[in-house]
Amino acid sequence: MNLWKSYKDVLHEMFPLHNGVGSVWAQWESKGTSLTAKTYTTPYFIKAREVEIWDDKSCIYNNIIYPKTGSNLPCFGMDLMGFFQKKVIIVFDYQHPVENYLFSVDGLPKSEGDYRFFEPGNHFSENVYIAKCTMDEVNDHLEMFTKYLTKYRDMVELEKPTGEDTSVYKDFDAYMTKLDPVSGYLKGKFGEEKAESLVNDFLFCYD
């Protein structure tokens, strides 16, 4: 199951994360499900931390890029969730670390509708991109993903951030920890101890 290969190819072509310093935080297998958790650092990113979870029917890819600080840049987050053939949810966005900061980028679509986990202005931008589709349709959204990432690359290269004050992300990670919708799923697959460690020690460790 490699549902998100094209998205990962675009990400790593745009930002050569594999050329940075990388580390494997976890490699788990349980109940027919595999999980890998990795981090990368680059000259302009404190870290990009990615998790991939897959079995024979599903594939979930999550990554948040934390830019170096001092330039008021947002993170870039992606939740690419293929649960089964007819249920796929694609989310990517500029996620600003400051609460109640309504970030917006000209030239990109603005979110319409009310989504339970993704509220514009609460660490999500006006441009949060949310799509529901089938597994056969995931690449229909690749062009927009590429457009969003290109805008983000332009922001980062313009600012060339250098700071490493991770306290900037304390509120962001605390909010995401409370919001996180996958804990129950992770507990069912890997047990409570591993699930809580993944969320608190890897996914959102700055809270």
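Modeller: Start with the term. Rings of Phe, Tyr and Trp (its six-membered ring) pair if their centres lie within 6.5 Å; planes under 30 degrees apart count as stacked, over 60 as edge-to-face, and the rest as tilted. This is a predicted model: local features need pLDDT of at least 70, side-chain atom pairs count only at pLDDT 80 or more, and totals for chains, interfaces and linings use all residues. Residues are numbered from 1 along each chain as its sequence is written, and side-chain values use heavy atoms, with hydrogens and water left out.

A search of the whole structure finds 21 aromatic pairs. Take W25 and F202. Their ring centres are 5.2 Å apart and their planes meet at 35 degrees, so this pair is tilted. W25 sits in strand β1 (residues 21-30) and F202 in helix α5 (residues 192-203), so the pair ties together parts that are 177 residues apart in sequence. Helices (H or I, at least four residues) and strands (E, at least two) are DSSP runs, numbered from the N terminus.

W25 has 34%, so W25 is partly exposed. F202 has 3%, so F202 is buried.

Now turn to Y129 and Y148. Here the ring centres are 6.0 Å apart and the planes stand at 65 degrees, so the pair is edge-to-face. Y129 belongs to strand β7 (residues 129-133) and Y148 to helix α2 (residues 142-159), so this pair joins parts that are 19 residues apart in sequence. Both Y129 and Y148 are buried. Both also belong to one aromatic cluster, whose members include W4, F45, F92, Y94 and F145.

Follow Y129 into the strands. Two strands pair if DSSP finds at least two bridges between them. The bridge partner of F92 is Y129, in β7. Strands β6 and β7 pair in the antiparallel sense over 5 bridges. Strand β6 also pairs with β5, again antiparallel, over 9 bridges. One of the residues bridged there is D79, whose partner in β6 is V91. A hairpin through 2 residues joins β5 to β6. Strand β6 is mostly covered, with 8 of its 9 residues buried.

Next comes helix α3 (residues 170-179). Its buried residues are F172, D173, Y175, M176, T177 and L179. They pack against β4 (59-67), β5 (75-84), β6 (87-95) and α5. Contact here means heavy atoms within 4.5 Å. So α3 packs against α5, the helix that holds F202.

Some rings also have a charge over them. That takes NZ of Lys or CZ of Arg within 6 Å of the ring centre and within 35 degrees of the ring normal. K47 lies over the face of Y206, 4.3 Å from the ring centre. The charged end of R49 sits over the ring of F204, 5.3 Å from its centre.

Last, the cysteines. The structure holds 0 disulfides (pairs of cysteine sulfur atoms within 2.5 Å). C205 is partly exposed, at 33%.

Methods
Buried means under 20% relative accessible area, exposed over 50%, partly exposed in between (1.4 Å probe, protein chains only).
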